Amino acid sequence: MSGDPLDATERDVVVVGAGAAGMSAAYAAARAGCTVTIIDANPVAGGQYHRRRIDAATYRPRGCDDEAVWRRIHIESATTVYAVEIIDHGTQRIFGVRTRGDDRHRRDVDLVRARRLIIATGAYDRPLPVPGWDLPGVMTGGGAQALIKGSGVLPGNRVVVAGTGPFLLAVAQAILEAGGSVAAVVEANDPVALRRHRSALTNVGKAGELARFITSLTRHRVPYLRRHRVTRVHGDTTVTGVTLARVDASWHATPGTDRFIEADTLTLGYGFTAQTDLPAQLGCTLQVSADEGLAVTVDDDQATSVTGVYAAGESTGVGGVDLAGIEGLLAGAAVARSLDHPSPLRDEPALRRSRDRMRAFADALATAFPLRSGWRDDLEDDTVVCRCEEVPAGRIRNAITELGAHDARTVKLLTRAGMGWCQGRVCSLAVDRLCPRSATLDGQARAATRPVAIPVPLGAVADINLQSRRES
Amino acid sequence: MPEIIIDGRAVTVADGVTVAAALMSEGIRSWRTTRIAGNPRGVFCGMGVCFDCLVTLNGEPNVRACITPVEPGDVIDSQQGTGHDGGVS
């Protein structure tokens, strides 16, 4: 921890999230002369990519190395923002940022005032349901990485890494480097499409990273199965193996290609969901991103559609840690300028060009690893789709075919799918894609609207001024 | 290295780990059963999003094991159902 104690005094800028985007944004704004507080849910800064043990050295983004600047930044770790509101709509523009302590201190609620808000809340894994995916031993790829990076603990002894996208390679690599064993990497798409983007890969400096991943898999003799999918997870109280099948371009399993692989752990991940809770609360314009998920719409300055609210990193569309850092710097600089401070960045036009190039590459990557629909064939009537409320696929299908539900919202009201602890963060994509009217901006945005982002004491909910969120 | 108690058993775990990692390093993969079907659950998202890894910590139910660091003297109990119906083992 560094900087001033958090008190009732107003900050120029509150940054939500201490990953690459948030830390870069805070540094840029503070360097320009703004007072900055970062609020982050994790015990220590770093976000997902730079997650580290609590006793490890403090995370500093590349190039953000003036410790005098960091001493002016207050980092409030182990603290979650559960709601944001606009206290003053005038030219002063004051935001109220409502926070809650971690799970040990969850009754500790507080209010921080800020003139500007930078949303850098990152993203989380996008799993899809499959029979047996609720067994202990099935986890997301990001979850497996978090165990390794944050605690030095392997997710299991013999792991199948499944889903789609280059992140599967990063997960497998992390397990191998930590001394674990990977039984197979199971990729639903055919990354041969990536060849078309070879020059882009080189251009954004990703070719070397990809080569290292592939070398690592080869050295450890880990099979990389393209156009394959895990269609069933076996086990009684924990995972004992998975069934794989070859799939066509729509991810439908090819009959007769089933094969059993022994494993005690399965990681799942079909890309990521941008964490858009707070911008959705404030009414910021959202858009469907290249990976068919939601993202906050931002302009060239990383400004959202709501005056005074900026966003950087994965919340503006999943694009990786390097892009997140650059977006953070640009957001921090734009916020500083809006508060009449000079830009702290030496070559902003060059940073903007890098950002645009990396964003274009991220979008191309998302197109090379699309989300297809064949996974729906696997679901049996008793396959749990909503893990919190334990809603099986059969009840969701019944709501659609017998009760006439066309969209995820109606299914939710009829079945409780998406109404539990996680508020649909895990199942809303699957529920949406099971509906006749799916993949719409409106439908996805409704599912992502959470007036309170995490559970808080009832009294704290009563304090939230929902009306304030409307632009005056 | 913090000493903690897991389901009544005293263990020593590595410094700076989460409650979930402490449980997993003891070979425990599930520490909760669900409200309706009573099915076992453990870590799923690993980053505080899914609430699958809920555990009873120092008598307080429904704590996310994956994002809560262990502190010396912690008493960790697996939980059943809502965590409020005396289901602590």
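**View 1. A:Leu294 counts as buried, at 9% relative accessibility.** Buried means under 20% relative accessible area, exposed over 50% and partly exposed in between, with a 1.4 Å probe and protein chains only. The model is predicted: local features need pLDDT of at least 70, side-chain atom pairs count only at pLDDT 80 or more, and totals for chains, interfaces and linings use all residues. Residues are numbered from 1 along each chain as its sequence is written, chains are lettered from A and ligands numbered from 1 in the order in which they are written, and side-chain values use heavy atoms, with hydrogens and water left out. A:Leu294 lies in strand 18 (residues 294–296) of chain A. Helices (H or I, at least four residues) and strands (E, at least two) are DSSP runs, numbered from the N terminus.

**View 2. The surroundings of A:Leu294 in chain A.** Leaving aside residues up to four places away in sequence, A:Leu294 touches A:Ala274, A:Thr276, A:Leu286, A:Gln287, A:Ser289, A:Leu441, A:Gln444, A:Ala445 and A:Ala448. Contact means heavy atoms within 4.5 Å. A:Thr316 is 22 residues from A:Leu294 along the chain, and their C-alpha atoms are separated by 8.4 Å.

**View 3. The buried residues of helix 11 (residues 408–415) of chain A.** These are A:Ala408, A:Val411 and A:Thr415. They are on the same side of helix 11 of chain A because they cover an arc of only 60° around the axis. The arc is that of the directions from the helix axis to the C-beta atoms. After helix 11 of chain A comes A:Arg416, with a positive phi near 75°.

**View 4. Chain B, with one helix and eight strands.** From the N terminus on, the order of elements in chain B is β-β-α-β-β-β-β-β-β. The C-alpha trace of chain B spans about 35 × 25 × 20 Å along its principal axes. Of the 89 residues of chain B, 60% count as buried. Among contacts in chain B between residues at least 6 apart in sequence, those joining residues at least 24 apart make up 35%.

**View 5. The charges of chain B.** Chain B has 6 positive and 10 negative charges, and their mean positions are 12 Å apart. Lys and Arg count as positive and Asp and Glu as negative, while His and the chain ends are not counted. The place of a charge is NZ of Lys, CZ of Arg, CG of Asp or CD of Glu.
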